[in-house]
Amino acid sequence: MANGILVVILPSRGTLSPSSYELLGAGKALADALKQPLLAAVVGGNAAALAGDVASRGASKVLAVEHSSLTNFTEESYAKAAAAAVAKADASRVILPSTIAGRSLAARLAVLLKAGLATDVVEILPDGKVRRGYYGGNLIAEVEFKTPVAVLTVAPMTFPRAEAAGAAAPIEAVSFEPGSSVSEFVSFEGETSREIDLGAAEKVVSGGAGLGSAEGFKPLFELAHALGAAVGASRRAVDSGWIPYKHQVGLTGRTVRPKLYVAVGISGQIQHLAGMAASGTIVAINSDKDCPLMQMASIAVQGEYSELLPLITAEIKARKGHAVPA
Amino acid sequence: MALNIIVCVKSTPSTVNVGVDADGKPKIAGVPVALNPFDEFAVEAAVRLKESVPGSTATALTVGPDAAAEVLREAIARGADGGVHVTGPEFEGGDSYATSLALSAALKKLHAEKPVSLVLFGKNTSDAGAGVVGTQTAAWLDWASVCAVKKLEAVDETSATVLRQMEDGVDTVKLKLPACVSTIKEINEPRLPSLKGKMASKKAVFPKWTASDLGLQPAQTGAAGAGAVVVKAALPPARPAGLKVEGATAAEKAAKLVDILVERKLI
Ligand SMILES: Cc1cc2nc3c(=O)[nH]c(=O)nc-3n(C[C@H](O)[C@H](O)[C@H](O)COP(=O)(O)OP(=O)(O)OC[C@H]3O[C@@H](n4cnc5c(N)ncnc54)[C@H](O)[C@@H]3O)c2cc1C
Ligand SMILES: Nc1ncnc2c1ncn2[C@@H]1O[C@H](COP(=O)(O)O)[C@@H](O)[C@H]1O
């Protein structure tokens, strides 16, 4: 009988992102709920070197699955590698991130392990059931697994990041045979700008049709920069060609869950809310005090964006200047 | 080198603005259904690929109730050549695990009739919204797969080179065919249904395949075959009442907003 919660950590381009530690936070909640031990696995081209960083964050053991075929992400090789770790750990639950890699790996593993799958999990209940968004986040579904083994991906910015504390757990290398593969990684082209990725951003500033033009996004980017926030947009702003699609938040865009979401010139139609309604503090800046976003916002500021944004940016910069004397 | 392209499409409620009933079930009775929005991009990608290689065909495939035949018609109106309808009460209540098994069984049957080149999927469904069925289908078949594809760079008889949009940039991945490719919105701008397509869609008849046609046991399909089930749904918790920032001038409002954000440790 499988017994253990296995958190699978996927380095991106050879490095661990701090959001990886959220998986251990979720893993701890599930381990407590099911009264099973918590284990972690690092899967990648340099897994052994990264395992040490994971070892003091609550897992009782860390498995390192390292192989040159894992330097870049392809579905089949990673699935075989992760399955080797699951077998080693004899895990009943496997936890992955809700990233592109994590989601596709979870889908492959679910079939390999004959396991039920729940993606984008936002809550782990004391009986081991989980909650996830449903109908674009308009509903929250309670999901029960029917299979002895289950695979979960957890939503970013949802579970606490496990801190490095206490003694380091033992690290064990797990070998696996990649075999021949039906897909081959060819190359990677990174984003040229060092923009913050929306999915894992703690703060997001989004613009909508109210900005009126691509030019209107300038003061928005400046505010985002002052806040250290990622930039989002409504579909209408994207469809107007003012900003690329990768910034779109909503039902047919990204889902975000930052601590702070600032919506500027966005009316708050249901398809937009689907992507951001679970955010911590929501600030709406809009000339129409009665629009849905102004009604649901934690903080509503009525006014003309072109006047307000530069003033807010200047105010933030001034305070930061005071807080951090040169 | 004609390609045999399949595109998987799902019939989903045309709005996600649904409530729940007393039993914790989504209130979807009477809500009109439509082609899952993201599947429009998959259909367009299939049709463009077919158009680029003479002699190729694009066939839509769905698992769903009688009414789901409409999304096969919609795919034809948008340029697909035909459709296959996997249907029967035994498929009701399936999750991504059971649905992908049914799709893989249908693809196996299609592949035996005529080798399949590429199977296209949408990014995710608007109701379940997991974005996993394409990869799960490939896993059942032991075919190659890739998610988040923003471009089909090159497709020949034996391989496809595709661009995958990752969080931090773009990967180029080469797949052996047959393969399953899940698309994203950036892949194209779908055309509207054409008049000619609409005429063709009205006349189209679809083979209907049941679980036994696909060699599946009752325990493998629908709710019985699901690995994870939604036991109940609820509305998200209500947000606490908001604060209105008042002020005589924009500068006053800006200062007050920043005060609040600093106070809440958000700056
Ligand atoms: C299937 C489907 C999927 C969709 N998916 C998405 C999605 O993923 N994401 C998404 O965002 N939408 C999506 N939509 C579209 C959605 O329904 C809305 O059309 C869209 O969100 C509206 O964008 P907006 O709020 O920017 O524009 P509008 O609704 O036009 O709102 C503009 C706002 O700007 C304010 N404003 C105007 N001028 C100023 C000014 N000078 N200063 C301050 N405020 C000003 C106005 O008061 C108004 O509230 C989808 C729709 C469908 C049918
Ligand atoms: N019942 C179904 N019939 C055919 N294709 C489906 C079905 N369910 C999902 N798909 C396909 O799989 C994609 C991802 O679905 P999902 O994993 O549910 O988000 C969809 O965009 C469709 O292309």
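Modeller: Start with one pair of residues. A:Ile5 stands opposite A:Arg93, a residue of S4(A). Keep in mind that the model is predicted. The strands behind this pair are S1, residues 5-9, and S4, residues 93-97, both of chain A. They run parallel and are joined by three bridges. Helix H2 of chain A, residues 47-55, packs on the sheet. H2 touches S1, S2 (38-44), S3 (61-66) and S9 of chain A. The direction of H2 makes about 160° with that of S3(A).

Now widen the view. The sheet is open and has 10 strands, with mixed pairing. Read across, the order is S9(A)-S3(A)-S2(A)-S1(A)-S4(A)-S8(A)-S5(A)-S6(A)-S7(A)-S12(B). What is left without a neighbour in this sheet? One side of S9 of chain A and one side of S12 (228-234) of chain B, because each of these edge strands has a single partner strand. On average, neighbouring strands here are turned by 35° against each other, direction ignored.

One loop of chain A is worth a stop. It lies between strand S8 (150-154) and strand S9 (171-173), and it holds A:Met157. Phi of A:Met157 is near 60°. That is a positive value in a residue other than glycine.

S11(A), residues 203-207, pairs with S13(A), residues 260-264, over five bridges, in the parallel sense. There, A:Val205 faces A:Val262 of S13(A). Further along, four bridges link S14(A) and S15(A), again parallel. A:Ile285 has A:Val301 in S15(A) as its bridge partner. Then the pairing passes from chain A to chain B. S15(A) and S13(B) run parallel and are joined by three bridges. A:Ala300 stands opposite B:Lys244 in S13(B).

Now the ligands. Ligand 1 is surrounded by 24 residues. The closest are A:Ala209, A:Ser234, A:Thr252, A:Ser267 and A:Gln271. A side-chain N or O atom of A:Ser234 is 2.5 Å from an oxygen atom of ligand 1. A:Gln248 also reaches an oxygen atom of the ligand with a side-chain N or O atom, at 2.8 Å. A:Tyr305 uses a backbone N or O atom, which lies 3.1 Å from a nitrogen atom of ligand 1. Taken alone, ligand 1 exposes 990 Å², and the protein buries 78% of that. Helices H6 (235-239) and H7 (270-276) of chain A are the elements that give two or more residues to its shell. By class, that shell has 15 polar, five nonpolar and four charged residues.

Ligand 2 has 19 residues around it. B:Cys8, B:Asp39, B:Thr125, B:Gly131 and B:Val132 are the closest. An N or O atom in the side chain of B:Asp39 is 2.5 Å from an oxygen atom of ligand 2. A backbone N or O atom of B:Gly131 lies 2.7 Å from an oxygen atom of the ligand. For B:Val63, a backbone N or O atom lies 2.8 Å from a nitrogen atom of ligand 2. Alone, ligand 2 exposes 480 Å², of which the protein buries 97%. The elements giving two or more residues to this shell are strand S4 (57-63) and helix H3 (96-113) of chain B. S4(B) gives the largest share, three residues. The shell divides into nine nonpolar, eight polar and two charged residues.

One last stop is in chain B. B:Leu177 and B:Pro178 are joined by a cis peptide bond, with omega about 0°. B:Pro178 lies in the loop between strands S9 (169-176) and S10 (179-183) of chain B.

How values were computed
Residues numbered from 1 in each chain as written. Chains lettered and ligands numbered in written order. Predicted model: local features only at pLDDT ≥ 70, side-chain atom pairs only at ≥ 80, totals over all residues. Heavy atoms only, no water. Pairing = 2+ DSSP bridges. Near = heavy atom within 4 Å. Polar contact = N/O pair within 3.5 Å; in protein donor to acceptor, adjacent residues only side chain to side chain. Areas by Shrake-Rupley, 256 points an atom, 1.4 Å probe, with all protein chains shown as cover. Nonpolar A, V, L, I, M, F, W, Y, C, P; charged D, E, K, R; others polar. Axes fitted to C-alpha atoms, helices over the stretch in contact; angles between N-to-C directions. Contact = heavy atoms within 4.5 Å.
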